[in-house]
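Please look over the chains shown here before reading on. The briefing is arranged by topic and gives each cut-off where its term comes up.

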Protein chains: 2
Amino acid sequence: MSLSSVLGHIKDNREGFLRDFRTLLRQPSISAQGKGLDECSKIVKKLMENAGIKTRILPEKGGNPVVYGEVRSKQGSSKTLLIYGHYDVQPPEPLEKWDSGPFEAAIHGKKIVGRGAADSKNNVTSCVKAAESFLKALNDVPLNLKFIFEGEEEIGSPHLPSFIEENKERLKADSVVCYDGDFDETGRAKISLGVKGLLYVELYCRKAKEDLHSSYAPIVENPAWRLVWALSTIKDPDGKIKVKGWYDEVEPFTPQQSRLLKKIPFHGENFLREFGTKTFLNAKNSREALQHYLTEPTATICGFKTGYQGPGSKTVLPGSAMLKMDFRLVYDQNPRKQLQRLKDHLHSQGFDDIKVKAFGFLEPSRTSPSAPIAKAAEKAARLAYGTSAVVYPRMAASGPDYLFTKRLGLDSIWTGSGPPSAYSHAHAPNEYTTTDHFIAGTKYIASIIDSYARIG
Amino acid sequence: MSLSSVLGHIKDNREGFLRDFRTLLRQPSISAQGKGLDECSKIVKKLMENAGIKTRILPEKGGNPVVYGEVRSKQGSSKTLLIYGHYDVQPPEPLEKWDSGPFEAAIHGKKIVGRGAADSKNNVTSCVKAAESFLKALNDVPLNLKFIFEGEEEIGSPHLPSFIEENKERLKADSVVCYDGDFDETGRAKISLGVKGLLYVELYCRKAKEDLHSSYAPIVENPAWRLVWALSTIKDPDGKIKVKGWYDEVEPFTPQQSRLLKKIPFHGENFLREFGTKTFLNAKNSREALQHYLTEPTATICGFKTGYQGPGSKTVLPGSAMLKMDFRLVYDQNPRKQLQRLKDHLHSQGFDDIKVKAFGFLEPSRTSPSAPIAKAAEKAARLAYGTSAVVYPRMAASGPDYLFTKRLGLDSIWTGSGPPSAYSHAHAPNEYTTTDHFIAGTKYIASIIDSYARIG
């Protein structure tokens, strides 16, 4: 079987592939807001069926549908590759900052702009189109393929753990490719051998039934001040998280991981320019910034809402205040344990008036740099892009990778195609990928399938 | 001249007065948002002209128009009373919490609901209708009346100081009534002999050009954290403001003021119930709460906006964060001096990355309990309501009283009519007054005019 005819098929069908990608982009699928998930799962299913993948929509108890597909190798390969992706997207807000509608799938030159264009409907489409190209060009696939595309990645995959548990048999495989990545900032494919974990919480404090005239400030407690004071006990300006035991389970990089870290090209000044900022936080130089980026647990205020937010002045004492925070966790911190520590901390600091609601528990995860799927992906990157991939010992972002490594016991890599997330506006207004990234990314996942089938 | 025929005129014209009040209510006049001020000033002017008041709209340099009116006593009284009020209102947000439109002036039983119904279009209308009633019933007023109705009270009267300075001659008077008050919580007229001052600021911090994926948290500074850390240096959970020198100019109540404080009836439990809260902040009992309420300087978070505020989770690192705060000041703290102290504080704490924008500078103010206008108002309350007024040595809220006491050198009281602000939802959704309060309040200001004319 020849990969080159598969890659040729991809090249010849560029326009049709792009059309299908944009169809998928136009369907909102905002998991945080419960918008359009069913509709989107059906579009994905249809896309897969048209590709020749045997597809079912599997319900997740209490969650959004998982689109599951299989293609069995006719030549009887005993090897199975499980491909994971997600069809849900981040909320598009703030809407006024988009230059075109977030679900318009507008084309601006080589850019395809829309929520999900880079994270991760481009990658979902590429996976499906790669399988389709094998089947169209060769009438077979070089190994058995299984696909799961979930609809809750952007909210921390809350129902995927039980889904994985219940479908252990169905999901039996040899390795996993989580095709939900972007390019390294130097424009090369990025292969991540692990992810950070995540704990996402909402803190809420209510002191009066509504906003009051601020002259009552001496006698009615201010919920915004309560959250501020609580926050100030959680993290210091030097970045250190002050919750007792927070760092207890942090494992430093292994020597092998540290070697990979040293090999990562990182031009900090490009990041800074793209972000519109001048200096890295608490880092003397780019290398140090990179190290912090990949190794530090974080405590991030993602949103704070209280009182009057309009123009000018309004003298109110807020009745309630709401805070959203995420905590990125590194190997081998556990999100449920950290949640308990956070709650204990608030209690011990006297903040029982603050309610903690948690959504999103992702454990950190890692895969060995010598895993066959890692080696196969490195080879595939050279094939598809003509340059070597950058191998990250861990990515700074999070994903449900632990379900594959810790629950299913498989090697798993995160990779994908698209402009580096620092540039693609992933999770931000004007998210985009380019037509070239999308087509090359389709060739890349096809090559990974081929390389992994051939590897010893 | 007989006051009773004036009060009779008010009683007989109840319906027409209410109609004019509601017309004024329907006109938005949101100073914080610059909405509808010109239109509203014209409605006020017409209302005054129809009442027989010689009226002019006087521009405020860079500000909203002041509606100025005069009625000269035909019998040649040498005494002049200056009546101050404001036609602007607080922003109506959050709109979704109103049971009827904020500018509908809906009638619910005896309630008239709308932004400005209690603060302070009811009082403006009452003042005008009182003068009208004198002129209709007696064809004269018992002393010379001057009216200024400004359009910036709710944003701290930023342009009133220069207006007062430029119109010193025009505004010559013997005493001032600021008719912009409400009732005491026991349902009696309230006369306040002073107000707190106010400093209103917006703190802004920007670290990236837009919200970023929160995985960048280890390397890009979070502006929301910066504001939180800055805030935590400004005030402690015990309520004490930690800015150096903040309390230096605070003068304790005089013995006369303290005596008044002791005489104020205060049923704290009613407040708590109305607020939907259980305990007073940092106070063992109602009396202590009342004392804090009137004597404490405050530092209030009025609004905080950053990042994602929608439902569910969104893992973003905010690009910027904005905070609104007010500081109520007591005699004789100076808002400009305090602003400088706040800026110095932020600088000394290392927060030069936070921009401070100030709007609203009101100095605290006080008038002697033995001032003739205070005595006249006490007498008028007994006349209009049949019960004695509650005299507050100071109100917990703020107003531009210092312009009358400190700049013009006059005695000035704050009083008015309407449900206690704890109940009337002033500055909050569903603000209301009642038809009875409105009509009785018109009789009350007519009685003040009469009593002050007669006082020795």
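The points below cover a sheet, a helix pair and a chain contact.

This is a predicted model, in which local features need pLDDT of at least 70 and side-chain atom pairs count only at pLDDT 80 or more, while totals for chains, interfaces and linings use all residues. Residues are numbered from 1 along each chain as its sequence is written, and chains are lettered from A and ligands numbered from 1 in the order in which they are written.

**A sheet in chain A**

- Chain A holds an open sheet of 3 strands, ordered β4-β5-β19 with antiparallel pairing, where strands (E, at least two residues) and helices (H or I, at least four residues) are DSSP runs numbered from the N terminus, and two strands pair if DSSP finds at least two bridges between them.
- The edges are formed by β4 (106-108) and β19 (432-434) of chain A, each of which pairs on one side only.
- Neighbouring strands of this sheet are turned by 30° against each other on average, direction ignored, with axes taken as lines fitted to C-alpha atoms (for helices over the stretch in contact) and angles running from 0 to 180 degrees between N-to-C directions.
- Strand β5 (residues 111-113) of chain A pairs with β19(A) in the antiparallel sense over 3 bridges, and the bridge partner of K111(A) in β19(A) is T434(A).
- Helix α14 (residues 435-454) of chain A lies across β5 and β19 of chain A and runs at about 70° to β19(A).

**A helix pair in chain A**

- Helices α3 (residues 37-51) and α4 (residues 121-138) of chain A pack at an angle of about 15°, with their axes 8 Å apart.
- α3(A) and α4(A) are therefore roughly parallel to each other, a label given to angles under 35 degrees.
- Among the residues that make the contact are V44(A), L47(A) and M48(A) of α3(A) and V124(A), V128(A) and L135(A) of α4(A), contact meaning that C-beta atoms, placed from the backbone, lie within 7 Å.
- The residues of the contact of α3(A) with α4(A) divide into 8 nonpolar, no polar and 2 charged, where Ala, Val, Leu, Ile, Met, Phe, Trp, Tyr, Cys and Pro count as nonpolar, Asp, Glu, Lys and Arg as charged, and the others, Gly among them, as polar.

**Where chain A meets chain B**

- In this contact, 74 residues of chain A touch 74 residues of chain B.
- β11(A) gives the most to the side of chain A that touches chain B, with 8 residues, and that side divides into 36 nonpolar, 24 polar and 14 charged residues.
- β11(A) is joined by 5 bridges to strand β11 (residues 300-307) of chain B, the two running antiparallel, and G307(A) stands opposite G303(B) in β11(B).

Terms used. Two residues are in contact if their C-beta atoms, placed from the backbone, lie within 7 Å. Angles under 35 degrees count as roughly parallel, over 145 as roughly antiparallel, 65 to 115 as roughly perpendicular and the rest as oblique.
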